[in-house]
Amino acid sequence: MIDVIDVHKSFGDKVIYRGLNLHIKRGETHAIIGRSGEGKSVLLKHICGLLAPDRGEVVVDGVEVNIQNKESLRHIRERVTMVFQMGALFDSMTVRENVGFYQDNLGKMDLAAVNRLCNDLLDEVNLPSTGHLLPAELSGGMRKRVGLARALAVQPEIILYDEPTTGLDPVTTDVIGELIHRTSRAHGVTSVIVTHDMKSAYKVADSISMLYEGKIIFTGSPEEIQCSENPIVHQFIHGLADGPITETEEERVSRLSTDLMHRSQIVRRLKSEDMEP
Ligand SMILES: Nc1ncnc2c1ncn2[C@@H]1O[C@H](COP(=O)(O)OP(=O)(O)OP(=O)(O)O)[C@@H](O)[C@H]1O
Ligand SMILES: [Mg+2]
């Protein structure tokens, strides 16, 4: 379903990937782990056509992701959606408007059908009767669930999640993990989840890959990764198992502003190209 083949990528002098290979099967839930700054979010952005490799290729459902090619981008956009960190909701829109954003703009469904779809999805993520609220009125966990409902509204084949549980308490983390698991199965989607939270990776993922110094150094089931004798994998997962990675305020702000930048890029692209028949 998703093939990342010998991908190289640098930003200026900074080398991010040095021949990265990854294969994700149709219908599986695949977690990507790795230290902060290794390029996990950048990997998701390559899969959804927001960034292009310097060398190598990314193939989604048989078609190479080529951000210069309109047909390729259309193919990706019809299949892939991304759930950004913190939900990345549009603050001036209600929950209903956020969930139905793509369908409202695509104009392929009439208003009553989009309303029904939004209500069904809000029920599915355990947020019934919240359509009229604004994001500012929601907790962090609720925002993430709205972000998930918005992704499902596109009826995607692939959902990319960037740290869906970071910053949540353990109970809400479990609720979100369970929801990802259930909706993935119910809608038959292929899910790729970047996470720092090994416990939820073990629960939700069929396979886990570890990114380290520009390559995937390990792929295996949750059981296999826990028994891995690779010292880097071992240190990473056992070092992290007792608590989330700590992040300085500066790093957090920098990461969130990158997400916001990408969010507006997506909206601009949707408005320009995707609106065409
Ligand atoms: N558009 C960009 N331009 C320049 N550098 C970038 C860009 N996007 C990401 N980077 C850099 O690439 C590196 C990898 O970034 P990425 O966001 O993928 O890290 P990450 O593994 O997701 O980290 P974290 O766990 O902290 O979210 C970082 O050093 C980041 O600063
Ligand atoms: Mg990231």
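Predicted model: local features only at pLDDT ≥ 70, side-chain atom pairs only at ≥ 80, totals over all residues.
**Exercise 1. Two strand pairs**

Decide whether β7 and β8 run parallel or antiparallel, then do this for β9 and β10.

Solution. 
- Step 1. Take β7 and β8 (residues 190–194). They run parallel and are joined by five bridges.
- Step 2. Pick one bridge. Y161 has I193 in β8 as its partner.
- Step 3. Turn to β9 and β10. Their pairing is antiparallel, over five bridges.
- Step 4. Pick a facing pair. Y212 is opposite K215 in β10.
- Step 5. Look at the connection. β9 and β10 make a hairpin, with two residues between them. In the turn, E213 has a positive phi of about 45°.

**Exercise 2. A helix on the sheet**

Solution. 
- Step 1. Angles over 145 degrees count as roughly antiparallel.

**Exercise 3. Two helices side by side**

Work out how α6 and α7 are oriented, and which residues meet.

Solution. 
- Step 1. Start with the geometry. The angle between α6 and α7 is about 10°, and their axes are 10 Å apart.
- Step 2. Classify. The cut-off for roughly parallel is under 35 degrees. So α6 is roughly parallel to α7.
- Step 3. List the α6 side: G141, K144, R145, L148 and L152.
- Step 4. List the α7 side: T172, I176, L179, T183 and H187.
- Step 5. Sort the contact residues by type. Four are nonpolar, four polar and two charged.

**Exercise 4. Salt bridges**

State how many salt bridges the model has, and examine three of them: R26 with E157, E38 with R35, and K203 with D174.

Solution. 
- Step 1. Give the count: 11 salt bridges.
- Step 2. Take R26 and E157, at 3.8 Å from N to O. R26 sits in the loop between β2 (14–24) and β3 (29–33), and E157 in the loop between α6 (140–153) and β7 (158–162), so this pair ties together parts 131 residues apart in sequence.
- Step 3. Check exposure. R26 is exposed at 54%, while E157 is partly exposed at 30%.
- Step 4. Widen the view. R26 and E157 belong to a network of salt bridges with D61, E78 and R79.
- Step 5. Take E38 and R35, at 2.5 Å. E38 is buried, at 7% relative accessibility. R35 is partly exposed, at 38%.
- Step 6. Take K203 and D174, at 2.9 Å. K203 is in helix α8 (residues 198–204) and D174 in helix α7 (residues 170–187), so the bridge ties together parts 29 residues apart in sequence.
- Step 7. Check exposure again. K203 is exposed at 56%. D174 is partly exposed at 39%.

Conventions
Residues numbered from 1 in each chain as written. Chains lettered and ligands numbered in written order. Heavy atoms only, no water. Salt bridge = Lys/Arg side-chain N within 4 Å of Asp/Glu carboxyl O. Helix = DSSP H or I, 4+ residues; strand = E, 2+ residues; numbered from the N terminus. Buried < 20%, exposed > 50% of the residue type's maximum accessible area, 1.4 Å probe, protein only. Axes fitted to C-alpha atoms, helices over the stretch in contact; angles between N-to-C directions. Parallel < 35°, antiparallel > 145°, perpendicular 65-115°, else oblique. Contact = heavy atoms within 4.5 Å. Nonpolar A, V, L, I, M, F, W, Y, C, P; charged D, E, K, R; others polar. Pairing = 2+ DSSP bridges.
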